Amino acid sequence: MNIKITGGTPLSGTITPSGSKNSAVAMIPASILFQKLTLKNIPDITDVNRLIKILEKMGSKIVWDKQTCVLHVDNSNLNLANISRDDLGNMRGTSLLWGPMLARFGKFAFADLPGGCSLGVRTLDPHYQAFHDLGVTIDDKNGIKMNALNAKSGEIWLSEMSPTVTENVIMLATSLPGTTRIFGAACEPQVQDLCQMLTQAGIKISGTGSNILQVTGAKLPLDHAHTLLDDHYEISTFLALGAATGGQITVRHTLHKLLDPIWYQFAQFGIKLKHTSGSTTVLPHQSVNQSPSIVRAQPWPSLPVDLLPIFIPLALKARHSHVLFHNWMYEAGLYWTPELTKLGAEIVVCDPHRVMVMGGKKLHGATLEAPYIIRAVVSMAMCAMMAHGQTTILNADTLYRGHPKFAENLKKLGAKIEEI
């Protein structure tokens, strides 16, 4: 799918974000821990659809009401017999099946390892190390085999402060007698969401929102329900779109204090936001008259690495600015930025992890090639809306891995955008 955008129109209006994509891709695998689980506020995105297909091949009975965003999962008759190489090899998020499958079945063997987007080397070693430290045996020479029949609770240090590793360990720990203490745990909103869901189901978890978690294994109820957090990436994206185009966008949500690290980054660019108990609004007609010298992603509670790209358009809008963007995690996380020079942007790639963005240049329409990175394509779309004339973004399907009804939602805000 390609998208065509005519720039120069301020976006304005009120929008409701979808449920958290990163929560969904953890909660759906977590359903394996239950006989039945109802998940509310589920986003209609491609990663969710892929996980649902995998669960259905495992024997899950799933009813998904996309109008109400409610997903009912019945895992009464799960088995691993029908999972194939193609099911697990094209999506990084399938690694989140490992923890709950070990918790439920004790062991598994698959012919392929999870794939994912083109951010660069994303080693699975932190998952292996964490499982190994809990007593799981692992063989990844021909596909992946794991056995947790002799696993035990205990203290472990994560080799990387990774949300997916943290979530995997939490889900396995629910099945282990005793208490598992996790040092160096990630504390992103989606990790807190998973902890909240399991706590409400009767699992004793302390330290939620911090980097030290304690999980005490216990028997889960047969039936449970949970409502996912709103997607903090979508909230940020809509507000950044308003700021980039000079419009006024109100985003309905109730996360607020949870998003202080993101509000701070908007303030660094001089963008004024108005908060109420149920929404955040980016004020209209704002010029970007200031900018930070560096925008650096860090583990939460700091700017998430996935949100780094949405601030590049603001740096391009800033007058006489030189902003260094640093993606410490992925050596290919910013490789796509030279595409923006086709619009007239001035960007210098310093090394695999850093780019320098010079602001104040007028942007004009062009044809861009989208990478397989969700927020990179969002950044391209933002720049296209800032540019004069028409821009075509080729192979933009990646948008729908993280943003349901992307073009439709932006049309409601006044964007001149169409799928072609």
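The side chain of glutamate 339 reaches the backbone nitrogen of glutamate 369 at 2.8 Å, and that is a handy place to start a tour of this predicted model. From there we will visit two pairs of packed helices, H5 with H6 and H8 with H9. Along the way, proline 17 and leucine 172 each get a closer look, and both are buried.

- Glutamate 339 sits in the loop that runs between strand S18 (322-326) and strand S19 (346-351).
- Is glutamate 339 buried or exposed? With a relative accessible area of 18%, glutamate 339 falls under the 20% cut-off and therefore counts as buried.
- Besides reaching glutamate 369, the side chain of glutamate 339 makes a polar contact of 2.9 Å with the side chain of lysine 342.
- If residues up to four places away in sequence are set aside, glutamate 339 touches Thr367, Leu368, Glu369 and Met380.

- How many of the eleven residues of helix H6 (residues 163-173) are buried? Ten of them are, so H6 is largely enclosed by the rest of the structure.
- The buried residues of H6 include Pro163, Val165, Glu167, Asn168, Ile170 and Ala173.
- Helix H5 (residues 125-133) packs with H6: their axes come within 9 Å and cross at roughly 25 degrees. Because angles under 35 degrees count as roughly parallel, H5 is roughly parallel to H6.
- The crossing of H5 with H6 is right-handed.
- On the H5 side, Pro126, His127, Ala130 and Phe131 take part, and they meet Thr164, Val165, Asn168, Val169 and Leu172 of H6. Sorted by class, this contact has six nonpolar, three polar and no charged residues.

**Leucine 172, a residue of H6**

- Leucine 172 belongs to helix H6 and counts as buried, with 0% relative accessibility.
- Which residues does leucine 172 contact, leaving aside its neighbours within four places in sequence? They are Gly99, Leu102, Ala103, Phe131, Leu134, Val136 and Ala148. One of these, Phe131, is also among the H5 residues that meet H6.
- Leucine 172 and phenylalanine 34 are 138 residues apart along the chain, and their C-alpha atoms are separated by 13 Å.

**Helices H8 and H9**

- Helix H8 (residues 232-245) packs with helix H9 (residues 260-268) at an angle of about 20 degrees, and their axes are 11 Å apart. That angle makes H8 roughly parallel to H9.
- H8 and H9 cross in a right-handed way.
- In this pairing, His232, Ile235, Ser236, Leu239 and Ala240 of H8 meet Ile262, Trp263 and Phe266 of H9. By class, the contact has six nonpolar, two polar and no charged residues.

- Proline 17 lies in the loop between strand S2 (13-15) and helix H1 (21-30).
- The relative accessible area of proline 17 is 4%, so this residue is buried.
- How far apart in space are proline 17 and isoleucine 235, C-alpha to C-alpha? The distance is 6.1 Å, although the two are 218 residues apart in sequence.
- Not counting residues up to four places away in sequence, proline 17 touches Asp230, Asp231, Glu234, Ile235, Phe238, Val251 and Arg252.

Methods:
Residues numbered from 1 in each chain as written. Predicted model: local features only at pLDDT ≥ 70, side-chain atom pairs only at ≥ 80, totals over all residues. Heavy atoms only, no water. Helix = DSSP H or I, 4+ residues; strand = E, 2+ residues; numbered from the N terminus. Buried < 20%, exposed > 50% of the residue type's maximum accessible area, 1.4 Å probe, protein only. Polar contact = N/O pair within 3.5 Å; in protein donor to acceptor, adjacent residues only side chain to side chain. Contact = heavy atoms within 4.5 Å. Axes fitted to C-alpha atoms, helices over the stretch in contact; angles between N-to-C directions. Parallel < 35°, antiparallel > 145°, perpendicular 65-115°, else oblique. Left-handed = near helix turned anticlockwise from the far one by under 90°. Nonpolar A, V, L, I, M, F, W, Y, C, P; charged D, E, K, R; others polar.
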